[in-house]
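Please look over the chain shown here.

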Amino acid sequence: LKALLAFTSATLCAAFSLAPQTLAASGHARHLAPGTSKPIWLMAETETGTIKTWEELRQLSGPILDRVVVGDTIQGSKDLPPGLILFRDKNGWCPYSERVWLAMLVKKLDFSEVLINLQGSKPRWYPEVNPSSQTPCVRTSEGQVITESLHIIQVLDDLFPDSQHQLFSSDTAEKVDALNLIKSFSAVFPSGTRPSSRGSFLYKGSRPLGRKEFEATLDKVEALLAQHGGPFFMGGSISGVDCAFAPFLERWSHQVPALIGLETRDASRWSLLAHWYDALEHFLPPYSHRVQGDRHSWREALAGAGGGSTTIDDSQRPAWLEGEHSCTSAAAQTLIERVPSTATSGTSGARDA
């Protein structure tokens, strides 16, 4: 597992300054190599078991990774890439950043990503762009700065009316309906819980929620999905509502079972929610190939936030961990020895307002 999440200690992790065990959660490990069905990380080992160079990985990844900049590596805001920019958290833990990241990918916008360290010292130049120094933040090519994850999602259609996908319907009544579903977010997830980026809405104080509270929340989500029949919140097409809920329900799908043994994807009880998860993963490549974290990553993040079992039995191992690319390979064992165990350092409360 350590090898999987940190295989690029000498390549990707070094280039992005990513904490090794957060790589899959940040989405980079799930980006598919062009012309293949394999994530880029699976292409890192050559036939001889050696590690490909960073330039070789860039060639495999295509242009996407060339548009990702680590904020700590530039000297000032004058060095930022031109055009539309999304400033998001470096580790990929922040669900609020993920909301906007997913929305911009769904709209197929042409943008760069600047990764901001929320677990330590933020780049000194970042307040010049966003005085609050929080993420997410979007800066347009004209220099307009937009903050607050839900606000950004709601204005993207107005800012980019000619993009390939609209997050909200042009029909006024349908758009109002969608905005009301987004407003219901705060009423769906339990009040008084910690919005920690590693384990969102799981704890009240130092104690996890009880089983009935988790079940009540999932019942509410199921009821929202029933309003338009699924598979998405507004029916047959993904909308800004899905982008608002997805990061939190993604984390719950892996962390709630680890925390209290409750399966959030139980189709016998929450059939619409189970269908929604499947629709995101199977019919939305920007999510499944770029944004979505995996069970291992989110359970490790949960352990770093103070709870949950990270033990995974064989039936829970994803297919891409098997065979020659499993963590028992000789090359993987070599990588384990190279990577320092620093993945859970830092605080767990980073979020936007």
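The sections below go from confidence to packing to cysteines.

## Confidence

This is a predicted model. The pLDDT averages 75 over the chain. A score of at least 70 is reached by 67% of the residues.

One covers residues 1-47. In the model, residues 1-47 make 145 contacts beyond near neighbours in sequence. The other covers residues 309-353. Residues 309-353 have 85 contacts of that kind in the model.

## Nonpolar cores

The largest nonpolar core holds 62 residues. Met104, Phe189, Phe233, Phe245, Leu249, Leu273 and Trp276 have the most contacts inside this core. Helix α11, residues 240-260, contributes the most, with 11 residues.

Which residues does Phe189 touch, leaving aside those up to four places away in sequence? Phe201, Thr217, Phe245, Phe248, Leu249 and Trp252.

A second core is separate and has 12 residues. Phe87, Ile116, Tyr126 and Val129 are among them.

## Helix α7

Helix α7 spans residues 149-159. Its buried residues are Ser149, Ile152, Ile153, Val155, Leu156 and Asp157. The elements covering these buried residues include α5 (95-106) and α11. Strands β4 (137-139) and β5 (145-147) are also part of the cover.

## Cysteines

The disulfide count is 0. Cys137 has 0% relative accessibility, so Cys137 counts as buried. Cys243 is buried because its relative accessible area is 0%, and the cut-off for buried is under 20%.

Definitions and conventions. Residues are numbered from 1 along each chain as its sequence is written. This is a predicted model: local features need pLDDT of at least 70, side-chain atom pairs count only at pLDDT 80 or more; totals for chains, interfaces and linings use all residues. Side-chain values use heavy atoms; hydrogens and water are left out. A nonpolar core is a set of buried Ala, Val, Leu, Ile, Met, Phe, Trp, Tyr and Cys residues joined through side-chain atoms within 4.5 Å. Buried means under 20% relative accessible area, exposed over 50%, partly exposed in between (1.4 Å probe, protein chains only). Helices (H or I, at least four residues) and strands (E, at least two) are DSSP runs, numbered from the N terminus. Contact means heavy atoms within 4.5 Å. pLDDT is the predictor's confidence in each residue, from 0 to 100. A disulfide is a pair of cysteine sulfur atoms within 2.5 Å.
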